[in-house]
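Look at the structure below. We will go through its pockets and then its core.

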Amino acid sequence: MKNTDLLLAAYFIYLPVVILLTLYVSKTLFKNGKLFMLDIFRGKETIALATNKLFEVGFYLLNLGFALLIIEINGRFLINYTDLLEVLSRKVGGFSIYLGIMLFFNLFLFFRGRKMSKQNIVEKENFATEGIKTQ
Amino acid sequence: MYNFYFDILFLFSMSPIIYLVGQACYKNGNDFIEYFTPENQNITKQINKFLLIGYYLIVVGFTAFTLTFWNDISSLIDLIILYYKSLGMMTLGLAILHYMNILFIYLYYKKS
């Protein structure tokens with residue numbers, strides 16, 4: 001197989017795989033993220049869904065941008081199908097690891113937001129009870 | 001000569017993406033900003049509009065700017081690499097701006 005054919009095949013495999021991976025991870029993360037948002041914003045659906053959607057758009061932009069930025073494959077090292085498989089494995093594998101890290105980072109942000117929201121509720125309750133006591 | 005057609009192709013393929021992302025951010029941004037400025041609907045709309053205008057300026061500017069790098073496209077491979085790399089750079093830049101906007105709005109209204 002010619003070098004350019006292998007390169008084209010590599011791009012035609014790499015692109016759909018990374019796009020589908022990003023779509024799947026994003027859909028899963030932000031489908032469940034709605035519940036976190038509703039909890040953080042204490043049931044206010046409008047702001048919860050809006051924030052969720054904004055973070056989802058940012059997630060898509062960031063990860064698809066990164067996937068496309070690392071698309072370049074050096075054709076000199078693509079001689080046979082083995083090389084094709086190795087190059088693709090390295091690229092897709094590396095991107096999967098990165099996607100996993102982004103997923104955990106987003107989860108961390110959700111949990112932190114929830115913790116801060118709970119802290120705010122406790123502080124407000126304490127403030128209210130102190131107000132009643134002083135009266 | 002082919003460069004001209006590729007430039008047009010790039011611009012046309014970018015346009016729906018630019019528009020859709022802009023609309024998604026505009027609609028949800030309205031609700032997001034309203035949470036921080038509930039007493040003044042006008043401020044919400046104006047901030048949101050300014051963000052949308054800024055977004056379009058940056059994106060259209062960057063799209064046109066990337067065309068300057070489209071000098072010698074000798075093969076399909078070069079086209080694919082250049083096209084997707086330009087798209088990647090733009091989306092990554094947009095992501096950074098997007099998160100910065102959210103952070104600034106949150107921090108500004110948290111302080112006040």
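The lining of the largest pocket divides into 19 nonpolar, 5 polar and 4 charged residues. Here Ala, Val, Leu, Ile, Met, Phe, Trp, Tyr, Cys and Pro count as nonpolar, Asp, Glu, Lys and Arg as charged, and the others, Gly among them, as polar. This is a predicted model: local features need pLDDT of at least 70, side-chain atom pairs count only at pLDDT 80 or more, and totals for chains, interfaces and linings use all residues. Residues are numbered from 1 along each chain as its sequence is written, chains are lettered from A and ligands numbered from 1 in the order written, and side-chain values use heavy atoms, without hydrogens and water.

A pocket is an open set of points on a 1 Å grid over the protein atoms alone, where a 1.4 Å probe fits, with protein on both sides within 12 Å along at least five of seven lines; lining residues have an atom within 4 Å of a point. Of the 28 lining residues of the largest pocket, Phe55(A), Leu109(A), Gly113(A), Met116(A) and Tyr106(B) lie nearest its centre. α3(A) gives the most to this lining, 11 residues. Helices are DSSP runs (H or I, at least four residues), numbered from the N terminus.

The second largest pocket has 16 lining residues. They divide into 13 nonpolar, 1 polar and 2 charged.

Now the core. The largest nonpolar core has 64 residues. Such a core is a set of buried Ala, Val, Leu, Ile, Met, Phe, Trp, Tyr and Cys residues joined through side-chain atoms within 4.5 Å; buried means under 20% relative accessible area (1.4 Å probe, protein chains only). α1(A) gives the most to this core, with 14 residues.

Technical notes
Buried means under 20% relative accessible area, exposed over 50%, partly exposed in between (1.4 Å probe, protein chains only). Helices (H or I, at least four residues) and strands (E, at least two) are DSSP runs, numbered from the N terminus.
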